[in-house]
Amino acid sequence: MAKPGYRVFDTQVGEISRLSPHFVRVTFRSDDLKQFGWDGPDQRIKVMLPLEASGFDEVPMAGDDWYSAWRALPDDRRNPIRTYTIRGLRPELGELDVDFVAHGDSGPASRWIAAARSGERMLVIGPDATSDEDSGGWEWHPGAARTLLIAGDETAVPAVSAILEQLPADARGAVFLEVPDAGDALDLRAPAGVEVRWLPRHDPTGGYGAELVGAVTEWADAWVAADPAAAAVPAAAPAAVRDLPALDDEDLVWEVPEAADDGGLYAWLAGEATAITTLRRHLVKGLGVDRRRVAFMGYWKLGRAEG
Ligand SMILES: Cc1cc2nc3c(=O)[nH]c(=O)nc-3n(C[C@H](O)[C@H](O)[C@H](O)COP(=O)(O)OP(=O)(O)OC[C@H]3O[C@@H](n4cnc5c(N)ncnc54)[C@H](O)[C@@H]3O)c2cc1C
């Protein structure tokens, strides 16, 4: 049997740095991480959080089928798993950076980050660089797109940061990032032709998506009016989009096209599910942008815990 493309990595928390009011960077360390892989810029990974009573004692680490064994555990003995993005990886040093949004005490991950301490143990599930299998788990496929539209909220900032860092110098497009606070606008590296617009939330405790939907709608309306052909069916359209159920949760939305060998628009939208769905609907139904040009990913849903 082929070695799976991802596995559980045993790590320790190294540095914890607060980047801004709502972003906290954690560097995980271990020799095990020297085998960690990174297949695409918006590569998702999972963190497995410790249980208060038993830490990681119950986690079935051994064997390729650890996931089924983990799922079979009773609720109170199953460590919560949450989805994050690789923000930095230095395999030669066995170091992995993850940027956590601190959103209060409503979920196990946000509670964990509020109290995280250097030296504590953490399990991370991610690509295994020693496997020949692709890990999957990344969705950035712009193909030969001429214009990029990238939109997300704070949970997508780590993915967008990594995407921007690997764009070619002549890339063109617009990036919209809604964040809780003006202080959460991070210093991102982007090509000169890609404008990055930060959108602080007017109500930092709610109103998710309002700024993003407003700004992206305005940009898209003007852009499609100026260049309608670039929004139409891609010349070399792939046969279908892939419909992926996200996080085993039918309420979350996820649809990602394969790369098209075509020079038009490519949109990548990620963040709170309702806001992202609204945006995608406006692009596809409102403006007639072909759905094979739009990747949209509900990274979380207001009022719903992951898992
Ligand atoms: C592919 C992918 C990549 C992601 N990458 C990152 C990343 O790099 N960094 C990151 O911080 N997040 C990222 N996320 C989002 C993260 O997985 C969710 O925010 C997750 O719900 C956090 O878990 P939790 O235990 O804190 O809250 P949960 O237990 O899942 O939810 C508890 C409550 O908190 C609410 N909630 C969840 N997230 C937020 C939020 N951000 N703001 C306000 N309320 C929230 C939920 O609606 C729910 O009511 C990513 C998600 C996906 C699918």
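Trainee: How far is an oxygen atom of the ligand from an N or O atom in the side chain of Ser 106?
Mentor: That distance is 3.0 Å. A polar contact is a pair of N or O atoms within 3.5 Å; within protein, one must be able to donate a hydrogen and the other to accept it, and residues adjacent in sequence count only if both atoms are side-chain atoms. Please note that this is a predicted model, in which local features need pLDDT of at least 70 and side-chain atom pairs count only at pLDDT 80 or more, while totals for chains, interfaces and linings use all residues. Residues are numbered from 1 along each chain as its sequence is written, and side-chain values use heavy atoms, with hydrogens and water left out.

Trainee: Which atom of the ligand is 2.8 Å from an N or O atom in the side chain of Thr 85?
Mentor: A nitrogen atom of the ligand is at that distance from the Thr 85 side chain.

Trainee: How many residues surround the ligand?
Mentor: There are 26, and the closest are Thr 83, Val 101, His 103, Lys 301 and Glu 306. A residue is counted as near a molecule or strand if one of its heavy atoms lies within 4 Å of it.

Trainee: Let us turn to the strands. Why is strand β7 described as largely enclosed by the rest of the structure?
Mentor: Strand β7 (residues 121-127) is largely enclosed because 6 of its 7 residues are buried. Buried means under 20% relative accessible area, exposed over 50%, and partly exposed in between (1.4 Å probe, protein chains only). Helices (H or I, at least four residues) and strands (E, at least two) are DSSP runs, numbered from the N terminus.

Trainee: Which strands are joined to β7 by bridges?
Mentor: Strand β1 (residues 6-18) runs antiparallel to β7 and is joined to it by 7 bridges; in this pairing, Arg 7 stands opposite Gly 126. Strand β3 (residues 44-48) is also antiparallel to β7, with 3 bridges, and there Val 47 stands opposite Val 124. Two strands pair if DSSP finds at least two bridges between them.

Trainee: What about β8: are its faces covered or open?
Mentor: Both faces are covered. In a regular strand the side chains alternate between the two faces of the sheet. In β8, Thr 147, Leu 149 and Ala 151 are buried on one side, and Leu 148, Ile 150 and Gly 152 are buried on the other. Thus 6 of the 6 residues of strand β8 (residues 147-152) are buried.

Trainee: In which sense do β8 and β13 pair?
Mentor: They pair in the parallel sense, and 6 bridges link β8 to strand β13 (residues 265-272). Ala 151 has Leu 269 as its bridge partner in β13. Strand β9 (residues 173-179) likewise runs parallel to β8, over 5 bridges, and Ile 150 has Val 175 as its partner in β9.

Trainee: Now the helices. How many residues of α3 are buried?
Mentor: In helix α3 (residues 157-165), 8 of the 9 residues are buried, among them Val 157, Ile 163 and Leu 164.

Trainee: And where is Ala 220?
Mentor: Ala 220 lies in helix α4 (residues 210-226). It is buried, because its relative accessible area is 1%.

Trainee: Is Ala 232 buried or partly exposed?
Mentor: Ala 232 counts as partly exposed, at 34% relative accessibility. It sits in the loop between α4 and β11 (241-243). Pro 234 lies in that loop between α4 and β11 too, but counts as buried, at 3%.

Trainee: How far apart in space are Pro 234 and Leu 265?
Mentor: They are 8.8 Å apart, C-alpha to C-alpha, and 31 residues apart in sequence.

Trainee: One last topic. How many cavities of 30 Å³ or more does a search of the whole structure find?
Mentor: The search finds 1, and about 70 Å³ of space lies in the largest cavity. Its lining residues include His 141, Leu 265 and Arg 293. On a 1 Å grid over the protein atoms alone, a cavity is a set of points where a 1.4 Å probe fits but cannot get out, and lining residues have an atom within 4 Å of a point. Grid points are joined across faces, edges and corners, and a volume is the space filled by probe spheres set on the points.

Definitions and conventions: On a 1 Å grid over the protein atoms alone, a cavity is a set of points where a 1.4 Å probe fits but cannot get out, and a pocket is an open set with protein on both sides within 12 Å along at least five of seven lines; lining residues have an atom within 4 Å of a point.
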